[in-house]
Amino acid sequence: MSDQKQTKKERYELKKQQKQEIVQKTQKKRKIKRFLFWGFAVSVVVLSLWGIGYWASNTSPKYENKTADEITQSDWVKGNPQATVTLLEYSDFQCPACGVYFPIVKQLLEDHPDDVRFVYRHFPLRSIHAKAQLAGQASEAAGLQDKFWEMHDILFERQSVWVNGDHEELFVSYAQELGLNVEQFKNDLESPDTKNKVDGDYLSAVGAKLNSTPSFFVNGRKITNPRTYEEFKILINEALKGA
Amino acid sequence: MKRLRVHKNLILWLLVGFSFIGFLSAGYLTAKYYLGEIPSCSFLGGCDVVAKSKYSQVGPIPLALVGVGYFLALLFLLLAYVDTKKVLFLKLSFVLSAGGFFVALMLLWLQFFVIGAICFYCLISDFSSIIVFFFLLTKYKKIYGN
């Protein structure tokens, strides 16, 4: 009878122990599962952070940090490099107002060959001028063959032609007219380098909080656009006196 | 019954997925900010304008970094719910996403009507916030009962 009782007790203890073991096993399994779950989640986040950093540093081009009061090596400069007055224009080849200012600026440079240097930067207003970006790239592609200013002049002189025509084809024909290597020009027209050059200028304009073209700076100071050649000349003369 | 459970889990995993997408997008914008570069978007093309606008920062902190914090918090709260099934985590996610929803609406309004330029990566983050909020609304009963 006593033996039987002991056996029952033993059986009870054994069952209890087995239950405990099962509970412990389940808890252990759950712990491992949770550890794996959170380990995986944290790893994905950390790897993503690394991936984002890697992707961000390798995807977009590095632009030159330009400001309106500093002329850089990559800028297109016309006139006497040692001139006391620097006239900088943020311009858009498709913008009609820029086309109006083109002969005025040209005249100014002819009248002040030693005192004024002119800097051209791109600010294509892409949202309203669909062909301006490529026009900027065309000037840069010509610039790679040392004909930036020649292309610049043609683009303004014939603005109404290419704006209303097949602009890409016309840019190529202008390149041909300027005696450029046409195949090279075609390759450069849409190359990342020319695009980045235009975009870099564009970003510097955005950085300077500009919102219209043309925008002029005289010796790094933004000016209100003069309405006539005479007004422009007065501004330049004032800058010369102040220099 | 089984179908219903799959559906419920699907919404939960979609919530996690959209939070993760928002996190990636905000992370990319943050990385660009600290690299001193402007994100270039060939699609829509207004990233430069938006990223350089005065609305892209809250004091000295880039808004994108706030976005990273927001989506990361949301992501871990949702994962905590998946893990523990404690309604508290869902409740916190809901409150957080409600704030994110209104901020996203405000940022969309700024892009469309004030800045006048659209940033593709910002749109991804904004719409992720909005979608997460609406998905969490479907869990409203579970969070607050009847």
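Guide: Let us begin with the elements: helices (H or I, at least four residues) and strands (E, at least two) are DSSP runs, numbered from the N terminus. In this predicted model, chain A reads α-β-β-α-β-α-α-α-α-α-α-β-β-α along the sequence.

Visitor: How many helices and strands does that give for chain A?

Guide: Chain A has 9 helices and 5 strands. Of its 243 residues, 31% count as buried. Among contacts between residues at least 6 apart in sequence, 75% join residues at least 24 apart.

Visitor: In what order do the strands of the sheet in chain A stand?

Guide: The order is β1-β3-β2-β4-β5 in an open sheet of 5 strands, and the pairing is mixed. At the edges stand β1 (76-79) and β5 (221-223) of chain A; each has a single partner strand, so one side of each lacks a neighbour in the sheet. From one strand to the next, the twist averages 25 degrees.

Visitor: In which sense do β4 and β5 of chain A pair?

Guide: Strand β4 (residues 215-218) pairs with β5(A) in the antiparallel sense, over 3 bridges. As for individual residues, F216(A) has I223(A) in β5(A) as its bridge partner.

Visitor: Which strands does helix α2 of chain A lie across?

Guide: Helix α2 (residues 96-111) lies across β1, β2 (85-91) and β3 (116-122) of chain A, and runs at about 155 degrees to β3(A).

Visitor: How is the packing of α2(A) against α9(A) to be read?

Guide: Two packed helices are described by the angle and the distance between their axes. In this case, the axes of α2(A) and α9(A), the latter being residues 229-242, come within 10 Å and cross at roughly 45 degrees. That angle makes α2(A) oblique to α9(A). The crossing of the two helices α2(A) and α9(A) is right-handed.

Visitor: Which residues meet where α2(A) and α9(A) are in contact?

Guide: From α2(A) come I104(A), Q107(A) and L108(A), which meet Y229(A), F232(A), K233(A) and I236(A) of α9(A). By class, this contact of α2(A) with α9(A) has 5 nonpolar, 1 polar and 1 charged residues.

Visitor: Where is K209(A) placed, and is K209(A) buried or exposed?

Guide: K209(A) is placed in the loop between α8 and β4 of chain A. Its phi is near 60 degrees, a positive value in a residue other than glycine. K209(A) counts as exposed because 11 other C-beta atoms lie within 10 Å, the cut-off for that class being 12 or fewer.

Visitor: What is the phi of D146(A), and where is D146(A) placed?

Guide: D146(A) has a positive phi of about 60 degrees although it is not a glycine. Its place is in the loop between α3 (132-143) and α4 (148-157) of chain A. With 9 C-beta neighbours inside 10 Å, D146(A) counts as exposed.

Terms used
Residues are numbered from 1 along each chain as its sequence is written. Chains are lettered from A and ligands numbered from 1 in the order in which they are written. This is a predicted model: local features need pLDDT of at least 70, side-chain atom pairs count only at pLDDT 80 or more; totals for chains, interfaces and linings use all residues. Two strands pair if DSSP finds at least two bridges between them. Axes are lines fitted to C-alpha atoms, for helices over the stretch in contact, and angles run from 0 to 180 degrees between N-to-C directions. Two residues are in contact if their C-beta atoms, placed from the backbone, lie within 7 Å. Angles under 35 degrees count as roughly parallel, over 145 as roughly antiparallel, 65 to 115 as roughly perpendicular and the rest as oblique. A crossing is left-handed if the near helix is turned anticlockwise from the far one by less than a right angle, and right-handed if clockwise. Ala, Val, Leu, Ile, Met, Phe, Trp, Tyr, Cys and Pro count as nonpolar, Asp, Glu, Lys and Arg as charged, and the others, Gly among them, as polar. A residue is buried if 20 or more other C-beta atoms lie within 10 Å of its own, exposed if 12 or fewer, and partly exposed in between; C-beta atoms are placed from the backbone.
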